[in-house]
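Subject: The two-chain model

Hi,

Here is the structure I promised to pass on. Have a look at it first, and then read on for what turned up.

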Amino acid sequence: MTLAELQRKGDYTWEVPEGTTPGMRVPGRIFLSDNLMKFLEPGAIQQVANVATLPGIQKWSLAMPDVHTGYGFPIGGVAAFDATEGVLSPGGVGFDINCGTRLLATTLFKEEIEQRIDRFLTALFQAIPSGLGSKGPLRLSDTELNNVFSNGAKWAVNSGYGDPADLTHCESQGCLDGADPSKVSPLAKKRGKPQLGSLGSGNHFLEIQYVDQIFERKAANLFSLEDGQVCIMLHSGSRGAGHQICTDYLKVFQGASRKYDIKLPDKQLACVPAESPEGRNYFGAMAAAANYAWTNRQMMSFWVRNVVEQKFGATATLVYDVAHNIAKLERHSVGEARKEVYVHRKGATRAFDKDSSYGIGQPVLIPGSMGTASYVLQGTKKAMAASFGSTCHGAGRVLSRKAAKSSLTWKAVTENLKQKHITIKTDHLSAVPEEAPEAYKPIDDVIEVVSKLGISKTVARLVPIGVIKG
Amino acid sequence: MLKYEFVEHTADLTFKACGRDLNRVFENAAEALESTLVMLEDVALRETTTIEMTSDSWEDLLYDWLTELLVTFEVNRFAVKKCIVNVVGLSLSAECWGERIDPNRHTLNTEVKAVTYHNLQIKKNNVYHAEITLDV
């Protein structure tokens, strides 16, 4: 697969024509600027083409500008499958089911905390468990864990971890319908039980940020964001529970794909008809993991708020919470018809043009790489037409973890952050280079594409001053 | 012949494990996984645990084996430093030596979310080669 096989369809749209790979049912579309083309890997184009071969796919196999090679689906991939004739694929969701981002806006301003950033960061670091295999402070019973799987963030709010208003500011109100804890394996429950309320490791983080620039005043006002305001961004997912659910169902789907006679170009693309028993079971388990992740982020927000209140006498409200690894049943226009489809977003964020709590396009939270800006965007009508109401999810990697580790040292990376007046806390200094800004595409370039293309509107730019790296 | 080596993969961590027979490939793949999770130099051979399983193909067996080691690490907090694997047909039995993780003595490396099927393959030329991608 080479770049030469791509056809330019617009300033920011490149098409992977049907026929590029045998069995493609629809063309692929990759959203990129000329600047970002140099990062596009042949493997990622192949993965966009492979996804286009899956039964029931609608319109296009899409890739957002933060695209890079994943396993099965590319990261940054979006694909919608007919709800009755299409498939569900765990590889189109990923192992970290409902990995996502949450933003809290505090009543503090940058100048109030600048001199106390170390204390602030240390308090947050102590309040929120992070790192490899990190465990939460709760000891849940089996019944409580099942409640988490069934009810998501609602369970957390009912148990005292937050405010009922928080639920209105979560994608899907922090609870995906159709969750079925009985479809979650005992092993997934065992892995998930001790970890609820923990950040995890890898690219998961908590950042203290401030609003550096506002582009859309009205939307920013509605989202309660103003210049210089201090915000807290959280990036985490469904921990071991989600990882094991994906592992379990990939295994089930290997055999089931053969049973339903689905030809796969890559084992990691294993899928089954959405309406089959295996498909329904996976959706029940996947939704349970999604609910676990919303609960997880809700609980961490509670501890963030405690710190903000106790250390500064300030408060923090939830701006929004988005999922960027998920499959959801949604209605979209396909040709003249409105159709129910399972939209798979793997490293892509929902960007609907209407959010019931704000009355305008939904807030979309896009974290940059460690030490670079993050963005708050807004969903648009164009996204509904061009990308099944989806946009990018972050900067997107360009350097492998191996390459990042061999070309950068943790000392150099932390020194670089220090020069930008960013403080970092982690239990895991040796892994810092893996998440260095150099390992990622420039976030500003990614945002330029989604904004120029019109699949999102830029509302605000947030700059970090403190980072907790998981 | 290297026991294992890590190769470039943008999103995740891919390694190749080699061995003169399947047993060695499985043992070397286990070491590659465990070394990703923890600094193995600090792990002592204090306890043993036994793992047994049967799968549908060699590749599935390797996927299940590594997944079991990952779960053993995460749930039981047990790091495996050495193992003796015996593959017969599509069944595996293994004796694993290592110890429980002590945050004061052990240096944890990278959290592995899962073993993937991405390009998962076992090939035999002169020796056996396996390629495995971990989601991290």
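**The sheet in chain B**

Chain B has an open sheet of 3 strands, ordered 3-5-4, with antiparallel pairing. Before going further, please keep in mind that this is a predicted model. The edge positions belong to strand 3 (47–54) and strand 4 (78–88) of chain B; each has a single partner strand, so one side of each is left without a neighbour in the sheet. From one strand to the next, the twist averages 20 degrees.

Now for the pairings. Strand 3 of chain B runs antiparallel to strand 5 (residues 91–100) of chain B, and 8 bridges hold that pairing. If you want a spot to check on screen, take Glu47(B), whose bridge partner in strand 5 of chain B is Gly98(B).

Helix 1 (residues 22–37) of chain B touches strand 4 and strand 5 of chain B, and its direction makes about 165 degrees with that of strand 4 of chain B. Helix 2 of chain B touches strand 3, strand 4 and strand 5 of chain B, with an angle of about 145 degrees between its direction and that of strand 3 of chain B.

On the other pairing, strand 4 and strand 5 of chain B are antiparallel and joined by 10 bridges. Within it, Ile84(B) sits opposite Glu95(B) of strand 5 of chain B. These two strands make a hairpin with 2 residues between them, and Gly89(B) has a positive phi near 60 degrees there.

**The sheet in chain A**

Over in chain A, 7 strands make an open sheet in the order 1-2-3-4-5-13-12, and here the pairing is mixed. Strand 1 (7–10) and strand 12 (325–334) of chain A are at the edges with a single partner strand each, so one side of each has no neighbour in the sheet. On average, and ignoring direction, neighbouring strands of this sheet are turned by 45 degrees against each other.

At one end of that order, strand 1 of chain A pairs with strand 2 (residues 13–16) of chain A in the antiparallel sense, over 3 bridges. Arg8(A) has Trp14(A) as its bridge partner in strand 2 of chain A.

Helices come in here too. Helix 2 (residues 42–51) of chain A lies across strand 2, strand 3 (28–31), strand 4 (61–71) and strand 5 of chain A, at about 110 degrees to strand 4 of chain A. Helix 11 (residues 277–312) of chain A packs on the sheet as well, touching strand 12 and strand 13 of chain A, and its direction makes about 110 degrees with that of strand 12 of chain A.

**Salt bridges**

Searching the whole structure gives 30 salt bridges over all chains. One of them joins Lys339(A) to Asp82(A), with the closest N and O atoms 3.2 Å apart. Lys339(A) is in strand 13 (residues 337–346) of chain A and Asp82(A) is in strand 5 (residues 73–82) of chain A, so this pair ties together parts that are 257 residues apart in sequence.

**Where the chains meet**

Together, chain B and chain A bury about 3,200 Å², of which 53% is on carbon and sulfur atoms. In terms of contact, 37 residues of chain B and 42 residues of chain A take part.

Across this interface there are 4 salt bridges. Glu111(B) shows up again here, as its side chain meets that of Arg239(A) in a salt bridge (3.2 Å, N to O). There are also 12 residue pairs in polar contact across the interface.

Strand 1 (4–7), helix 2 (58–75) and strand 6 (114–115) of chain B each provide at least two residues of the side that touches chain A. Helix 2 of chain B gives the most, with 10 residues. Sorted by class, that side of chain B has 16 nonpolar, 11 polar and 10 charged residues.

Cheers

Notes. Residues numbered from 1 in each chain as written. Chains lettered and ligands numbered in written order. Predicted model: local features only at pLDDT ≥ 70, side-chain atom pairs only at ≥ 80, totals over all residues. Heavy atoms only, no water. Contact = heavy atoms within 4.5 Å. Buried area = accessible area lost by both parts, 1.4 Å probe. Polar contact = N/O pair within 3.5 Å; in protein donor to acceptor, adjacent residues only side chain to side chain. Helix = DSSP H or I, 4+ residues; strand = E, 2+ residues; numbered from the N terminus. Nonpolar A, V, L, I, M, F, W, Y, C, P; charged D, E, K, R; others polar. Pairing = 2+ DSSP bridges. Axes fitted to C-alpha atoms, helices over the stretch in contact; angles between N-to-C directions.
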